[in-house]
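Please open the structure in your viewer and keep the selection tool at hand.

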Amino acid sequence: MYKWMKDLFPVCRSLTGSGVDETLNYLKNTIGIKFKILKFKSGKKVFDWTVPKVWNIKDGYIKTIKGKKIINFKNNNLHVVGYSTPINKIVSKQELLKHVFTQPDQPKWIPYVTSYYKKNWGFCISENFKKKIKDKKYKVYIDSSHKNGNLKIAETFIKGEKNKEIFFSTYFCHPSMASDNLSAVIVQSALIKYINENYKKTKFSYRFIFIPETVGSIAYLSKNLLNLKKNMVAGFNLSCVGDDRCYSHVESRNGNNLADQALEVALLGKKNKKRYSFLHRGSDERQYCAPGIDLPVCGFSRSKFGEYKEYHTSADNLDITSEKSLQNSLSILISIVDAFESELTPITKIKGEPQLSKYNLYPTTSQKGTKKKGSFSKQEFINRCNVIAYSDGKKNIFEISKITNIPLKDLIKEIKILKENKILR
Amino acid sequence: MYKWMKDLFPVCRSLTGSGVDETLNYLKNTIGIKFKILKFKSGKKVFDWTVPKVWNIKDGYIKTIKGKKIINFKNNNLHVVGYSTPINKIVSKQELLKHVFTQPDQPKWIPYVTSYYKKNWGFCISENFKKKIKDKKYKVYIDSSHKNGNLKIAETFIKGEKNKEIFFSTYFCHPSMASDNLSAVIVQSALIKYINENYKKTKFSYRFIFIPETVGSIAYLSKNLLNLKKNMVAGFNLSCVGDDRCYSHVESRNGNNLADQALEVALLGKKNKKRYSFLHRGSDERQYCAPGIDLPVCGFSRSKFGEYKEYHTSADNLDITSEKSLQNSLSILISIVDAFESELTPITKIKGEPQLSKYNLYPTTSQKGTKKKGSFSKQEFINRCNVIAYSDGKKNIFEISKITNIPLKDLIKEIKILKENKILR
Amino acid sequence: MYKWMKDLFPVCRSLTGSGVDETLNYLKNTIGIKFKILKFKSGKKVFDWTVPKVWNIKDGYIKTIKGKKIINFKNNNLHVVGYSTPINKIVSKQELLKHVFTQPDQPKWIPYVTSYYKKNWGFCISENFKKKIKDKKYKVYIDSSHKNGNLKIAETFIKGEKNKEIFFSTYFCHPSMASDNLSAVIVQSALIKYINENYKKTKFSYRFIFIPETVGSIAYLSKNLLNLKKNMVAGFNLSCVGDDRCYSHVESRNGNNLADQALEVALLGKKNKKRYSFLHRGSDERQYCAPGIDLPVCGFSRSKFGEYKEYHTSADNLDITSEKSLQNSLSILISIVDAFESELTPITKIKGEPQLSKYNLYPTTSQKGTKKKGSFSKQEFINRCNVIAYSDGKKNIFEISKITNIPLKDLIKEIKILKENKILR
């Protein structure tokens, strides 16, 4: 995955435009993800919002009057404010400074700034560089365009035996930042590959969307809400899954829907995990859980948006992520998928406890304190009894995991054994 | 309000009698409260109770044989036991002491003692003074009467657009004590004035009763229970709201009805607040929440009955209260009324998040960490988003305040803005 | 009870066999318990299990070649593995050690080991003794038999006014160990005697079963599940009630059914009490709460199985129990029975608070801080008011005890007074 990160990192993505196309083409051609593209025309009303024009940018710089480029979009695409209007002008230092954004508390880093819905031009530079702006005049140049066109959403749907579906959403609209949010675009792609490669036919259907944040989810919901309400059993918004410092769960508004339950136990045993209430939302869970929408979606992040120092700056680069951290993120999602594909609500076939020794699943000699119980460890044996005891057809696999403290992977394995022995249905 | 306190403090109130009439006349003529008087005849059965006779007292003293008045009711009306029978007799020191009540652990103060339902005569004096009773004989004189008449309840009803009503109850039966309970008679009166002066027509109806404690609420309920059960959405029993040491919430038996929810968040941010379970009840919430009654009533106090040292003694005087403390009590009740009059269960008109920038309610440029978001503070902006996110038509304004930690006053203001912008219905 | 303990301690009990008959005969003839015997034939399928053959043992020893008995079943019936096959053979030291069980971490004690469902022979000895086994050959002798016959369950049913029943279950299948589980056989018997001697006719019906653990409860359930589902309102599995070190509550799977509520408050005020979730189950609550069974049963123990050092060893002998500890266990169960026989769901007859002074149940003079309220203590008076306030016909006696913190015995007494005064129905 790190290779894909490196390839896609330099692309200048935004809500719309050629950077989006380039990114989606890479997912399709290099990673091998199949999806269909949904298009929403500029100016179209979607709920309370309006689809913006397509923004493209070819170049952008600040030059001294002597012709020296001191700031160059081609060096770092954060240098130009997202959706900046074009400009080509000699401006006074004073006027330039009105259009320059810095992050004064992080003076070495370039901040990420957008102005999607108010026309403005601007440059983002480090606070340290700003202090060097001392000439009376500068030439500013931004070669950008805002044209009617399409906002694009890529959607992959894996049809399972049931129409009931598990939903994943992530956003591709951020330019060159690694954890926020190229990491989640990559990890979501890897999850699609995992399912395709490991399941011939899934029980549940799986839906994945790659969207521009906020207006993208609004547009998508405006068209698909009824179907999602009907079929979605759990959904996950993926955001900032690139670093390895912690695991974060942003609760749905409900706080304990099936997605919350799933993510909670998928993080069982992780040391540095953080759970945020919906009050600390910030990505598209805002839309999925809004009143009137109320889909069972929670948010999954590693260091959460707004909670790590490199967030929304040029320091959120490839250095803060790694193949290992991406694999760790992916493995959480895989355990959730595997759990849904195991048995969502296990139920015993037997009244009372089964006579496990008949199945060679129980020690034949009973004595206290022994670590090994026949061919399996004492913990394995306790887990087995607990899985049976709580498989009452009312608790789902995530609730059973939580009650019994059995990690999802072990629980999935045990359910498989018990089903093979016809102890569970 | 403190002026009214001073005027009414000296009046000798009891369950019944001329002190009650004098107090109610003052509320009507000086403060300007309109009410109707409900009358219950002495001897009438009200649920398990019987309406007592009307008690009046003109004078009362203990004299030495030489004719010196050493205890005089006219100096402090706590000196005679409430509902004391008349007496006019020379008694031995020994007999006198059987009829003398002191508070040995608070030797300077006169205790407040009543004997409503057992015929007895008695004097209340300080423990220190008791030690000076050394003569062999004393003359005791109490000029009181118990006659058939009416127990009186004053009721103010403000008819709103709905029949659903908010209920307030307080008791006037305590003689010269300031926090318990003249303060609540005054604050309840001020609340009536507030509503009349600030609302032309309220959404909810408001009912206020001034009663003698216990037998008064029993009598009132015996006549009005069906109507109260039908229309009351929340009720508050006001008791001991005179001092400024803390804010107390005495839970309903249910513990989390609408009144509890309202009072809980009305106290949001108050530093010295105390929440008592229904096990610590003591005023008329005992009746309103009794089995078979079960009205949604909780109790509001500052230092709660039984929890401040001056309680039920001569030290509960005008010194422990002030205009400021009374205003603080009133402002809690006003915030509750204003919340009911705002929007009890707000609901958004828009699916997904509204595009707040369209309404000039959102910053147009997005950058992390900035304190000001356009013309409003970051906290204002966070509050706005949270009000919208939780206005799902299922949560009431008090629950939203609790979840989002937004004080009622700010929440009411924000709901107003969002309704004006047609974002909330 | 300690006398009964001493009489029955030496008997070699198991799932089946003559030790069971001897024990049940003692309960019947010496203690005077009436019961009927339910029989399940060897080989019969009961749910997932099969009723085992009847095991009897006459003798068992290890002899040196010179003829000295070094281990003798007649000295301690733990020496032979439960359900051991017969053997009569000279074996090498090496082979003998394969059939010898010790508890290495408790080197002085003989462990309790069974092999019910796998044919095997074996001896249990102390780790210290094992070290003395140095000869090349030994003679091993076990005179045991496995024959077709009946697994037996003793059942006592006390018919009350209602068919709704309270259920008690304990197991007799353990050989010479005192707390686990002779103590519970004795205490359950004493409880039957208590009810017979103290109630002419009970309100609820009471059912008591004495069974072999696991297969016994499975067999019993396989025949009586429908009736139990229909009538059982609460059930208690008694296990290890012999010592006096603590009181233990093993929760039902539900965790808060009527039995859990009852046991919780029966232990109110006990200092060393422990509450275990169903994850820490181990006795027949495993069957009663299994999916598909789901009876409202929890477990009562003193030091719980697996939680005291003498558990399942020869050290669980008469020294760790006493008449006092058995009486303490019994008194918990008595308080539960008395509560069921008092008024399960008390309800007031009076709207609002009753005028307690009419009934001489309230002080006639009201003054703060006095310890005595007329003829009763302040705490008695507070308890009285609380019992009335919470007797709303929705809360059961155990919930009222928990909310008000009134011990069951006091609560039962107070309910009696209030019923006599026609304040409670």
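Helices, as named here, are DSSP runs of at least four residues, numbered from the N terminus. By that convention Asn386(B) is found in helix H10 of chain B. The model is a predicted one.

**Stop 1: Asn386(B)**

Leaving aside residues up to four places away in sequence, Asn386(B) touches Leu279(A), Arg281(A) and Thr404(B). With one of these, Arg281(A), the side chain of Asn386(B) makes a polar contact of 2.8 Å.

**Stop 2: the interface of chain B and chain A**

Now widen the selection to the whole contact between these two chains. Chain B contributes 25 residues and chain A contributes 34 residues. About 2,300 Å² is buried between chain B and chain A, with carbon and sulfur atoms giving 47% of that area. Which residues of chain B lose the most area to chain A? They are Glu353(B), Gln355(B) and Lys368(B), which together account for 31% of what that side buries.

Next, display the polar links. Across the interface of chain B and chain A there are three salt bridges. Select Arg253(A) and Asp392(B): their side chains meet in a salt bridge, at 2.8 Å from N to O. The interface of chain B and chain A also has 10 residue pairs in polar contact, both residues being at pLDDT 80 or more. On the side of chain B that touches chain A, helix H10 (378-390) and helix H11 (397-404) of chain B each supply at least two residues. H10(B) gives the most to that side, with five residues. By class, the side of chain B that touches chain A has eight nonpolar, 11 polar and six charged residues.

**Stop 3: the interface of chain C and chain B**

Move on to chain C and chain B. Here the contact takes 25 residues from chain C and 35 residues from chain B. The two chains bury about 2,300 Å² between them, 47% of it on carbon and sulfur atoms. In chain C, the residues that lose the most area to chain B are Glu353(C), Gln355(C) and Lys368(C), together 31% of what that side buries.

How many salt bridges cross the interface of chain C and chain B? There are three salt bridges. To inspect a salt bridge between these chains, select Lys358(C) and Asp48(B), whose side chains meet at 3.0 Å, N to O.

**Stop 4: Arg253(C) and its two partners**

Select Arg253(C) together with Asp392(A). These residues form a salt bridge in which the closest N and O atoms are 2.8 Å apart. Asp392(A) lies in the loop between helix H10 (378-390) and helix H11 (397-404) of chain A, and Arg253(C) in the loop between strand E14 (247-250) and helix H7 (258-266) of chain C, so the pair joins two chains. Asp392(A) counts as buried at 12% relative accessibility, and Arg253(C) counts as buried at 11%.

At 31% relative accessibility, Asp294(C) counts as partly exposed.

**Stop 5: a salt bridge within one helix**

Go to helix H5 (residues 178-198) of chain B, where Glu197(B) and Lys193(B) lie four residues apart, about one turn of the helix. Their side chains meet in a salt bridge of 3.8 Å, N to O. Glu197(B) is exposed, at 59% relative accessibility, whereas Lys193(B) is partly exposed, at 27%.

**Stop 6: aromatic rings**

Over all chains, the structure holds 45 aromatic pairs. Select one of them, Phe168(B) and Phe236(B): this pair is stacked, with 5.4 Å centre to centre and 25 degrees between the planes. Phe168(B) lies in strand E11 (residues 165-171) and Phe236(B) in strand E13 (residues 232-238) of chain B, so the pair ties together parts that are 68 residues apart in sequence. Both Phe168(B) and Phe236(B) are buried.

Finally, turn to chain A and select Trp49(A), Trp55(A), Tyr83(A), Tyr116(A) and Tyr117(A), which ring pairs link into a cluster.

Key: Residues are numbered from 1 along each chain as its sequence is written. Chains are lettered from A and ligands numbered from 1 in the order in which they are written. This is a predicted model: local features need pLDDT of at least 70, side-chain atom pairs count only at pLDDT 80 or more; totals for chains, interfaces and linings use all residues. Side-chain values use heavy atoms; hydrogens and water are left out. Contact means heavy atoms within 4.5 Å. Buried area is the accessible area (1.4 Å probe) that two parts lose on being put together, summed over both. A salt bridge is a side-chain nitrogen of Lys or Arg within 4 Å of a carboxyl oxygen of Asp or Glu. Rings of Phe, Tyr and Trp (its six-membered ring) pair if their centres lie within 6.5 Å; planes under 30 degrees apart count as stacked, over 60 as edge-to-face and the rest as tilted. Buried means under 20% relative accessible area, exposed over 50%, partly exposed in between (1.4 Å probe, protein chains only). A polar contact is a pair of N or O atoms within 3.5 Å; within protein, one must be able to donate a hydrogen and the other to accept it, and residues adjacent in sequence count only if both atoms are side-chain atoms. Ala, Val, Leu, Ile, Met, Phe, Trp, Tyr, Cys and Pro count as nonpolar, Asp, Glu, Lys and Arg as charged, and the others, Gly among them, as polar.
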